[in-house]
Amino acid sequence: MSGKNHLQDDSDINIGIIGPKELVDQTRETLKSFPNFKPVFQIIESSSLIPEITKELMNDVEVLMFTEYHSYNSVKQVLDFTIPVHHMPLMGTGLYRSLFVIKSRYSLKCLSIDTVEKKYVEQILSELEEDHYELLVSKNLSQNTVIEEIVQFHVHNYQQHNAIALTGIQEVATQLSALHIPYEWVTPTQQDMIVSLERALLATNTRRNKESQIVFGLINIDNFKGVTVKYSSEHDVQLLKLNIQQMLLDYIKLLDGHLINLGGEEYSFITTRGIFERETRGYKFIPLLQDVKNELGITISLGVGFGRTAAEAGYHARLALRQSKELGGNVCYIVREDRSVLGPVDITTHKQYERYNLAITDPHLLDKAEKAGMSASYMTKLMARVSRHKKIEYTAQELASTLNVTIRSANRILLKWMDAELVDIVGEEKVTHKGRPRRIYRLSFIEDELKS
């Protein structure tokens, strides 16, 4: 199996999903919020085949997830798991939803229960202000407990006690429906699935390795010389530096990290990847950017590097900081161990970051970047943003919006591209208000890339 015995990229964590079609389809939708997982789906139609399916799947994935507890429990008793194996527990919002449905359609006076923990049912019934009820619980479910026995348990309880069946097994629900026995099939909600998948993610060897991986960060005060010119005395400049360092210390403390003043306007910090991911909410939330701007009237650039060694993480942090400064500052970029780039992380816009590859080997692209007076990596980043929109004709205003830069920066970029003969002026946009018409530029080098 690839990735079990070595550190792999987050996006290559293989997870096996085992369950009935309806729940597998629901899980498929929920997994769209987990780009780290590469799922392998196995739809089960007969409970007798589940052990064989599980055994085969364990060779291809790093973690397993059962969408039904009964399937998980039956396999657990006949197989030795060689990887982390999880199930989606019926104890959260899904159980609450099912009990609420039963209360609305029937009553909660007598319930016939399988695979659902009695204590969780009692807890929710208390929240629903139900005081008088009877719970008939199917006990000692094992691999030898066939579906027909569970069905007969519910049928008996309905006939003798008028009990409503509460089941966590789709096969049981299907047979009860055919017998016209009132029932409710408890299924996990999307929130339940999210919680379960997060636990599975943390259980993988890949994730455990990355939890403790060193993260190296660089912080640079944007245009520090220009900022200090505004102060009338050296005392005020030193006071500003102290205030900056205090804000940085407070933030790095949240990361359980270590801050180092590199002299001048640059600082470095070290933390671990698990803490960094949690505090940034998956690389999307860095309040330090806005806090420094609001409280001190300055902006900072952040570069964060991941690596298999401290030296590699430090080098990647320097590359990431260069990306942030080239974009104009007040943002954070992250360069990962495979030299892919995440960014910009900008709390002021809440825009979704993009991902592109920093490693550039195309000689034509290198020539274009050199002609435009830009680094090849910055050129790639701009091309990635523009090509994502599948549009090659822009006004300066449209390009500014697409690249998330100021109109002034967009005009500067267009001038460089024109000097390098990378863009053509193809027309002018008529404007309804007074002012000069806006030129329309065709990005011919992007057009070439889209065709290739």
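## Helices α4 and α5

In this predicted model, Leu-95, Tyr-96 and Leu-99 of α4 meet Tyr-120, Val-121, Ile-124, Leu-125 and Glu-127 of α5, where contact means heavy atoms within 4.5 Å. The residues of this contact divide into seven nonpolar, no polar and one charged; Ala, Val, Leu, Ile, Met, Phe, Trp, Tyr, Cys and Pro count as nonpolar, Asp, Glu, Lys and Arg as charged, and the others, Gly among them, as polar.

The axes of α4 (residues 93-105) and α5 (residues 118-127) come within 10 Å and cross at roughly 60 degrees, the axes being lines fitted to C-alpha atoms over the stretch in contact and the angles running from 0 to 180 degrees between N-to-C directions. That angle makes α4 oblique to α5, since angles under 35 degrees count as roughly parallel, over 145 as roughly antiparallel, 65 to 115 as roughly perpendicular and the rest as oblique. The crossing of α4 and α5 is right-handed, a term for a near helix that is turned clockwise from the far one by less than a right angle, with anticlockwise being left-handed.

## Basis of the model

Residues are numbered from 1 along each chain as its sequence is written, and side-chain values use heavy atoms, with hydrogens and water left out. Because this is a predicted model, local features need pLDDT of at least 70 and side-chain atom pairs count only at pLDDT 80 or more, whereas totals for chains, interfaces and linings use all residues.

## Overall composition

The secondary structure comes to 19 helices and 18 strands, taken as DSSP runs numbered from the N terminus (helices H or I, at least four residues; strands E, at least two). Of the 452 residues, 48% count as buried, which is to say under 20% relative accessible area, with exposed over 50% and partly exposed in between (1.4 Å probe, protein chains only). Among contacts between residues at least 6 apart in sequence, 61% join residues at least 24 apart.

## Nonpolar cores

The largest nonpolar core has 32 residues, and those with the most contacts inside it are Ile-219, Ile-244, Ile-286, Leu-288, Ile-300, Val-304 and Ile-334; such a core is a set of buried Ala, Val, Leu, Ile, Met, Phe, Trp, Tyr and Cys residues joined through side-chain atoms within 4.5 Å. Helix α11 (residues 234-254) supplies the largest share of this core, six residues. A second, separate core of 22 residues includes Leu-327, Tyr-333, Leu-399 and Ala-410.

Leaving aside neighbours within four places in sequence, Ile-219 is in contact with residues including Leu-248, Phe-269, Leu-288 and Ile-300.

## Helices α11 and α13

Helix α11 packs with helix α13 (residues 287-296) at an angle of about 155 degrees, their axes 11 Å apart, which makes α11 roughly antiparallel to α13. The crossing of these two helices is right-handed. On the α11 side the contact is made by Asn-243, Ile-244, Met-247, Leu-248 and Tyr-251, and on the α13 side by Pro-287, Leu-288, Asp-291, Val-292, Glu-295 and Leu-296, a set that divides into eight nonpolar, one polar and two charged.

## Loop residues

His-180, in the loop between α7 (170-178) and β8 (183-185), has a positive phi of about 60 degrees although it is not a glycine; at 69% relative accessibility, His-180 counts as exposed.

Arg-339 lies in the loop between β13 (332-335) and β14 (340-345), and its phi is likewise positive, near 70 degrees, while its relative accessible area of 29% makes Arg-339 partly exposed. Asp-338 is found in the loop between β13 and β14 and, at 33% relative accessibility, counts as partly exposed. Asp-338 and Gly-307 are 31 residues apart in sequence and 8.2 Å apart in space, C-alpha to C-alpha.
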